[in-house]
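I opened this notebook to record what I looked up in one structure. The entries run from the whole chain down to single residue pairs.

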Amino acid sequence: MTSAETDKSTEEIQRLQKRLRRLAEEKSNLQLIMRLIEQINPLPGIEEMVHTMLLSMVDTIGGTNIKLYYFVEAELRYVDFMGETRILPDFDDPLVAQVATSSAFIEQRGDTDNALLLDAAVEGSWTWGFPLLVGKELIGVIKLENLHISGASLRTFLPVFFSHAALILSNEIRAESRRKIEAELAESEASLKVLIEHTPIAMLVDVGVDADEHVEMMNQQFTTLFGYSMEDVPNVRQWWPLAYPDEKYREELKREWIRRVETAIQSQNDIEPMETTVICKDGTSRYVRISLASIGSRNIVTFEDLSSRKKAEDALSRYKDHLEEVVTERTAALADANQLLSQTQFAMDRAGIGIHWLDDDGHFIYVNEYAAQLLGYTQEQMRAMSVTDVDPNFAGKDFKVQTQPLREIRTSTFETAQRHKNGEVIPLEVTFYYQPGKEESSGRFISFVTDIRQRKQAEQTLRRAMEAAETANRAKSTFLTSMSHELRTPLNAILGFSSLMRRDEQLRPEQRTNLDIINRSGEHLLTLINDILELAKIEAGKTQLNITPFDLGVLVRDVTDMMELRARAKGLRLLIDQSSQFPRYINGDEARLRQILINLLGNAVKFTQQGGVTLRLGTKQNAIAHLIIEIEDTGPGLSAEDQQRLFQPFMQFGKQPGDNKGTGLGLSITRQFVQLMGGNISVESTVGKGSLFRVELPLSEVKEADLLPQHETEKGEVVGLASGQPVYRILIVEDQLENQLLLSQLMQRIGFEIQVAENGAQGVQLFQSWQPHLIFMDRRMPDMDGIAATQAIRQLPGGKEVKIVAVTASAFMEQRDEMMAAGMNDFVRKPYRFNEIYDSLTRQLGLKFVYAEAETGTAPPVALTAEMLAVLPEALRSELKEALMSLDSDPINEAISKVASIDQKLFRTLTKLVNDFDYPTILKVLEDD
């Protein structure tokens, strides 16, 4: 082989060796790159992945430092292989900034003398800048300083690694952003739930579309307001029939709501709130304003309770247009014109309520737009302020100290005033809710602020109207007091003297009959006066209930026994429904309940011509127990127009002769009594079929042992003092001559010494000079009335010991308290029964009387036989029977007066039975005959 050939072979071998070394180097570099990729592939979390990547690169590639710049959202982060991290406003390295701007690889040759780990193969040292790209998006820049490599092939393979690293880094950045968004969403979700749960307004959140929307949550205020729970309202479809059971009303609301939704969609505005009446779970109703705000697939529905405000508005309207009616019905409950209005922060601006989020020191963290506008600021301005800047009640005070009680009770509602930017002080209602901090973090306050200027103005207007109503009411009370005195005083003389004259044994029968007629007419007139005054007292708010335990079963039996006579007389059936179940012993006003039953049963029998009347009793449990009374008749029924006027005073609807006898006040008084007891009365009637009256009264049951002892049987006529009684001096202070004479005769008949004074001043003088044991004191007299005279006497020597009994014609029982407070010992109201006078003397002086009847205190029974009635003509017996069945005193008296000329003994027997209202005894003998 020639020398030339040898040289050529040597060169080929060298080239081949060089190529083999290059291939080996490339394989080694490729393995290095793959190892780097494997080290960072399985690592979760951006920080751990970045730090591991930098350490691996230093261990594998070398270099004095490796730095990574990368973006997370808009934030530029820095990290090196030593673990130092920073947040940078911009790139702080020119080479890195150049790479970021160009998105291209840049290298700089370094000083070989500074190279570490040099060997013979090292070609030099470099600083490289690589852009981390995903597509065209720059994720970050990595800088490798003082690299010492033996070949350029590593430059070829490193971009593969950096592309892979950029992709993993990009995924982790997105994952971190997603985790951050999810955390913020979870926190927002939690805040929303807290806000909804603690907002003082009823709220419901549903998810979905149309009627199948699922109810996600409802706050406690919703359950408190309506009584419904999540079990009752799982979706919107089931809410509609619960809230609006009336199908017609429900369909109208649905149509109106759809119209408002369509209008909002077309105009790109909010859905206009709608005011409706919602039926609660307990059957009551609430007048509310419904608003809806949509957030994604959620609908937040708010129910603002306007019931109190509507009542206040209605009351104000009634005071303005019907002041006398308001005085009559005594609707004096002043409610808040506006309840605290609340919404979540997503709907508050539209609902007209302010929201403040405050830190522990009272600085505003957040205010909604309405809250800022309310005080004339922007939201940004208010976030730089605190409560002490706008609320004079907190100015110059330690907010933490002043709100310490609130931190303990967590929530409170109160009124305050805050200062507008222009200096105006605005009255506000504030609901505070304190949310304690977790662990070492401080707590915060949520406040809901309502502008109550209109409410304050409405309250002031309503207050003025109420004052006017009270003035009119006081004038009516004064008039009633005067009328009561003027009407009862002459009646006292009429009834008193007629009763005295009837005791005269020398009277002729016709005179006794005439006196009976006078006495009965007076009693009838007194009944009419009492009805009118009773109605007036109710309208003036002067009627008071007398609540005591009593036997309801006995009361029902007594009333039905009495009414059965009238029913039988008309050929009617009076039935008590045998299915009736009711408590026997209850707590209530027995006298007024008796009057209610008498009025309703009496009317039913009066207007029913055939068929019958049925009485039903039962109970019903709402929020509290109620007694239900139903009276159903088969009478002529009432038209819709008559039903509207049925309970008005002086209304009479009878069409048969005698139907319209009376005052026309019975049903009006009945309704007033029912309302006074806290109940209600209603009527259902069909013309030609009959009527059903229903009374519902609050029910309070008692035990038999709670019943008060029954009053003793009334004793007979007093004829004198029992033996051994001292002679007492009685002073009569009375300005009316006829009443002076009446009381004087009563006292003289039983042996008392008397003196009479015509007014209070004379009464005081006579007390000083005569020293009586007891004084009958008229309340209303000229110069000095009975109260002033009593107070003067009590200040004189012996004045504290003398007994003073008030004698008054007042219609108001509450004046009894006034007279007792003035120093009087007892109270007798005109027109009085004689036994009321004697009973008062017994209570005050401990007297014992002799009675005309036997010592048992009861009159002997009157024996009436068929033989006694046989002397009467058949026509007179029929007339007497018909009169008794009518229960009308006028025809009864007329029939009995005709008996006087036939048989005096029979006349006295019948008179006694009639006076005792013992009609059944007479009717039984007449029927047996």
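The entries below cover the chain as a whole, then its salt bridges.

**Entry 1: the chain.** I note at the outset that this is a predicted model. I looked up the secondary structure of the protein chain and found 31 helices and 30 strands. I then looked up burial: of the 929 residues in the protein chain, 44% are buried.

**Entry 2: contacts.** I took the contacts in the protein chain between residues at least 6 apart in sequence, and 61% of them join residues at least 24 apart.

**Entry 3: salt bridges, total.** How many salt bridges does a search of the whole structure find? I have 32 for the whole structure. I went through a few of them by residue.

**Entry 4: Glu256 and Arg260.** I find a salt bridge between Glu256 and Arg260, with 2.7 Å between the closest N and O atoms. Where do the two residues sit in helix H7 relative to each other? Both belong to helix H7, residues 247-267, and because they are four residues apart there, about one helical turn separates them. Arg260 has a relative accessibility of 14%, so I list Arg260 as buried, the cut-off for buried being under 20%.

**Entry 5: Asp451 and Arg453.** Asp451 and Arg453 form a salt bridge, and I read 2.6 Å for the closest N and O atoms. I looked up the accessibility of Arg453 as well: the relative accessible area is 33%, so Arg453 is partly exposed.

**Entry 6: Glu630 and Arg616.** In this salt bridge the closest N and O atoms of Glu630 and Arg616 are 3.5 Å apart. The pair links distant parts of the chain, with Glu630 in strand E21 (residues 625-633) and Arg616 in strand E20 (residues 612-621). The two residues are 14 residues apart. Is Glu630 buried or exposed? I have a relative accessible area of 15% for Glu630, so Glu630 is buried. Arg616, at 24% relative accessibility, is partly exposed.

Conventions. Residues are numbered from 1 along each chain as its sequence is written. This is a predicted model: local features need pLDDT of at least 70, side-chain atom pairs count only at pLDDT 80 or more; totals for chains, interfaces and linings use all residues. Side-chain values use heavy atoms; hydrogens and water are left out. Buried means under 20% relative accessible area, exposed over 50%, partly exposed in between (1.4 Å probe, protein chains only). Contact means heavy atoms within 4.5 Å. A salt bridge is a side-chain nitrogen of Lys or Arg within 4 Å of a carboxyl oxygen of Asp or Glu.
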